[in-house]
Amino acid sequence: YYNWGLFFLNRSEYDAAISDLSKAIDLKPLNHFYNARGSAYTQQKKYDFALTDYNKSIELNPTFSGSYYDRARVYAFQKNYTKAIADLSTLIKFDPTHKTAYLYRGRLFNLAKESEKAREDFTQDIKLNPNRIESYEYRAILSFNKKDYFNAMADAEYLLSLDPENYKALFLLTLSYNNLKDTQKAQLHFEKIIKLKEKSPS
């Protein structure tokens, strides 16, 4: 039943997935069975049912990092950023090199208006994933908002080395140079933005 449940879950047939996963749980209540059913409930936006299953998964196996990540997602959907951040922090204790935990927690810190903690998480994510564009973009924007223009520009320049047509990076460089009263360089980067828009007007 568990394998069939995963099969239906991967096919986005959530009612069928829940039915088979429930049968699997009745036969053998293992934590990853609950976690899988919680994922199906999450996809259906039945968050209370999903939280019940993730809680049970964690109760059965307190070191199963997947349930902390998945429960954090539900808390984030409910805009309960404090609980979501707490779950990701627990996950990081168990798995300090998790591929997306720092990025996700950084986003949540940003939503919770804790910009310095967000910037620290994006920096840690960059250490683990040196070419993650999203973390550089977030960190550059946070640096710019703190008027830390040189670090914002450093991240923007690196983004352009990965993608010379990165609008966000060009825009940040334009604004940063303008705020630093370097109008010549600000104009140079603004002209690049105009050329890109002319190249792809959509």
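**Helix pair α10 and α11**

I looked up the crossing of α10 and α11 and found that it is left-handed. The model I am reading is a predicted one. Helix α10 covers residues 149-162 and helix α11 covers residues 167-179, and the two pack at an angle of about 150 degrees with their axes 9 Å apart. Since angles over 145 degrees count as roughly antiparallel, α10 and α11 are therefore roughly antiparallel to each other.

I then listed who makes the contact: α10 contributes Y149, A152, M153, A156, E157, L159 and L160, while α11 contributes A169, L170, L172, L173, S176, Y177 and N179. Sorted by class, this contact of α10 with α11 has eleven nonpolar, two polar and one charged residues.

**Nonpolar cores**

Next I turned to the largest nonpolar core, which has 35 residues, and noted that A17, A40, V74, A84, L88, Y104 and L108 touch the most other members. Elements giving two or more residues to this core include α1 (2-10), α4 (47-60), α7 and α8 (115-128). For L108, leaving aside neighbours within four places in sequence, I noted contacts with A76, Y81, A84, I85 and L88. Another core, of 18 residues, lies apart from the largest one, and I found Y136, Y149, A152 and L159 among its members.

**R105**

Is R105 buried or exposed? I placed R105 in helix α7, residues 101-111, and its relative accessibility is 13%, under the 20% cut-off, so R105 counts as buried. Not counting residues up to four places away in sequence, R105 touches I85, L88, S89, I92 and D121.

Key: Residues are numbered from 1 along each chain as its sequence is written. This is a predicted model: local features need pLDDT of at least 70, side-chain atom pairs count only at pLDDT 80 or more; totals for chains, interfaces and linings use all residues. Side-chain values use heavy atoms; hydrogens and water are left out. Axes are lines fitted to C-alpha atoms, for helices over the stretch in contact, and angles run from 0 to 180 degrees between N-to-C directions. Helices (H or I, at least four residues) and strands (E, at least two) are DSSP runs, numbered from the N terminus. Angles under 35 degrees count as roughly parallel, over 145 as roughly antiparallel, 65 to 115 as roughly perpendicular and the rest as oblique. A crossing is left-handed if the near helix is turned anticlockwise from the far one by less than a right angle, and right-handed if clockwise. Contact means heavy atoms within 4.5 Å. Ala, Val, Leu, Ile, Met, Phe, Trp, Tyr, Cys and Pro count as nonpolar, Asp, Glu, Lys and Arg as charged, and the others, Gly among them, as polar. Buried means under 20% relative accessible area, exposed over 50%, partly exposed in between (1.4 Å probe, protein chains only). A nonpolar core is a set of buried Ala, Val, Leu, Ile, Met, Phe, Trp, Tyr and Cys residues joined through side-chain atoms within 4.5 Å.
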